[in-house]
Amino acid sequence: MTSQRPGGTVKLGQHEIARIGYGAMQLEHVDTAAAGAVLRRAVELGINHLDTASFYGHTTVNEHIRAALHPYADDLVIVSKVGARRVDTPVRLALAQRPEDLREQVHLDLTSLGLEQVPVVNLRRADQGPGLIAEGNQIVPLDDQLAELIALRNEGLIGAIGLSNVNAEQLEQALPVGVVCVQNAYSVLDRSAEELLAICAANDIAWVPYFPLGSAFDRIPSPTGHPVVQEIAARLGATPAAVCLAWILAHDEHTALIPGTRSVDHLEDNLRAADVRLDAEALAALDHLS
Ligand SMILES: NC(=O)c1ccc[n+]([C@@H]2O[C@H](COP(=O)([O-])OP(=O)(O)OC[C@H]3O[C@@H](n4cnc5c(N)ncnc54)[C@H](OP(=O)(O)O)[C@@H]3O)[C@@H](O)[C@H]2O)c1
């Protein structure tokens, strides 16, 4: 079974997940039918790691996942995150970092996804960008948040704890809790989190970079638009997206990808990253891009 997982597998706590998974954030922009087509195709192609959040839409994305895939296969690992909530302002998100907020969001995940336990929950910190930065009563000590997540894990409402948007010091501080994954922004063009990846590798923690394709936001540099990536893609007969993802996969074995797309064609393209063989020349050129 595991041999059919795209990109092979990597350990996420007690789970074995495909190294190419799927980030569902883009699905907040599409209807249930279009979202269902992408999600069902992802699972059909061997993906068993979905990344979501209750604040992707007003639980819209969680509801898409439930509509398409519930009752869930035993080996499907749905990972959510806490630390923000959806609001009806132009920014659309508000921070929700206090321990009671984290608990409320886990309950929102449970009801909207139709789960008795969220397999993994990432604590999304807001000390640094991208995104909102914590101020006032949203500045919460990491230990207070971890204590709440440990309580939720003891109660069986979450299966395991991950971290997102942290620095190396925070990850080291949280290690005794039993962190199973770390999500930070990272791509072939943005290697600012390389130190975190090294800590993950040393502690057998899954490294789950977000924005691996530069996101849908204009302000994030696009690795797929970089001329070196495009030249390598043309030479190898792959797409720029597949080359960007293949480089992250090749860079460290602890990586689990969650590229986001609202398109079945792009989903299939992203899975082809598993078959892209970057030769020494391509690897050297990509290694030096950042
Ligand atoms: N922990 C955190 O704080 C955090 C923050 C942000 C995101 N995330 C997670 O990380 C996941 C990935 O991030 P993301 O979706 O923002 O960014 P991303 O994966 O870097 O890029 C998504 C963008 O790339 C396009 N795209 C995808 N595949 C493509 C392909 N093969 N060819 C051309 N374009 C392609 C998508 O457009 P189309 O829809 O048109 O394909 C979309 O505009 C999210 O879905 C979410 O689950 C986590």
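1. Helices (H or I, at least four residues) and strands (E, at least two) are DSSP runs, numbered from the N terminus. By that scheme, G13 belongs to the loop between β1 (9-12) and β2 (15-18). Two housekeeping remarks before going on. Residue numbers start from 1 along each chain, following the sequence as written. The model is predicted, so local features need pLDDT of at least 70 and side-chain atom pairs count only at pLDDT 80 or more, whereas totals for chains, interfaces and linings use all residues.

2. Let me stay with G13 for a moment. A residue is called buried if 20 or more other C-beta atoms lie within 10 Å of its own, exposed if 12 or fewer, and partly exposed in between, with C-beta atoms placed from the backbone. G13 counts as partly exposed because it has 19 C-beta neighbours inside 10 Å. Contact here means that the C-beta atoms of two residues, placed from the backbone, lie within 7 Å. Beyond its neighbours within four places in sequence, G13 is in contact with V120, A160 and V180. The C-alpha atoms of G13 and V179 are 8.1 Å apart, although 166 residues separate the two along the chain.

3. On to the sheet. Two strands pair if DSSP finds at least two bridges between them. Seven strands make up an open sheet with parallel pairing, in the order β3-β4-β5-β8-β9-β10-β11. Its edges are β3 (22-23) and β11 (206-207), each of which pairs on one side only. As background, strands of a sheet pair through backbone hydrogen bonds, either parallel or antiparallel.

4. Strand β10 (residues 179-183) deserves a look of its own. Four bridges join β10 to β9 (residues 161-164), and the two run parallel; I161 has V179 as its bridge partner in β10. With β11, β10 pairs in the parallel sense over two bridges, and V182 has W207 as its bridge partner there. How many of the residues of β10 are buried? Five of its five are, and the strand is mostly covered.

5. A nonpolar core is a set of buried Ala, Val, Leu, Ile, Met, Phe, Trp, Tyr and Cys residues joined through C-beta atoms within 7 Å. The largest such core has 88 residues, and V182 and V243 touch the most other members. Helix α8 gives the most to this core, with nine residues. Not counting residues up to four places away in sequence, V182 touches G162, L163, V166, L171, L196, C200, I205, W207 and V208.

6. Why does α8 count as largely enclosed by the rest of the structure? Because 11 of its 12 residues are buried; among them are P240, V243, W247 and H251. The cover over these buried residues includes α7, α9 and α10 (280-287).

7. A residue is near a molecule if its C-beta atom, placed from the backbone, lies within 6 Å of it. Of the 30 residues around the ligand, G23, M25, A216, G260 and T261 come nearest. Two elements give two or more residues to this shell: β8 (120-124) and α9 (264-271). The largest share, three residues, comes from α9. By class, the shell has 10 nonpolar, 15 polar and five charged residues, where Ala, Val, Leu, Ile, Met, Phe, Trp, Tyr, Cys and Pro count as nonpolar, Asp, Glu, Lys and Arg as charged, and the others, Gly among them, as polar.

8. H70 and P71 are joined by a cis peptide bond with omega of about 0°, and P71 sits in the loop between α2 (60-69) and β5 (77-82). Another cis peptide bond joins G129 and P130, with omega of about 5°; P130 is in the loop between β8 and α4 (142-154).

9. The loop between β11 and α7 (227-236) holds F211, which has a positive phi of about 60° although it is not a glycine. S215 is also found in the loop between β11 and α7, with a positive phi of about 70° although it is not a glycine. Are these residues buried or partly exposed? F211 is buried, with 24 other C-beta atoms within 10 Å, whereas S215, with 19 C-beta neighbours inside 10 Å, counts as partly exposed.
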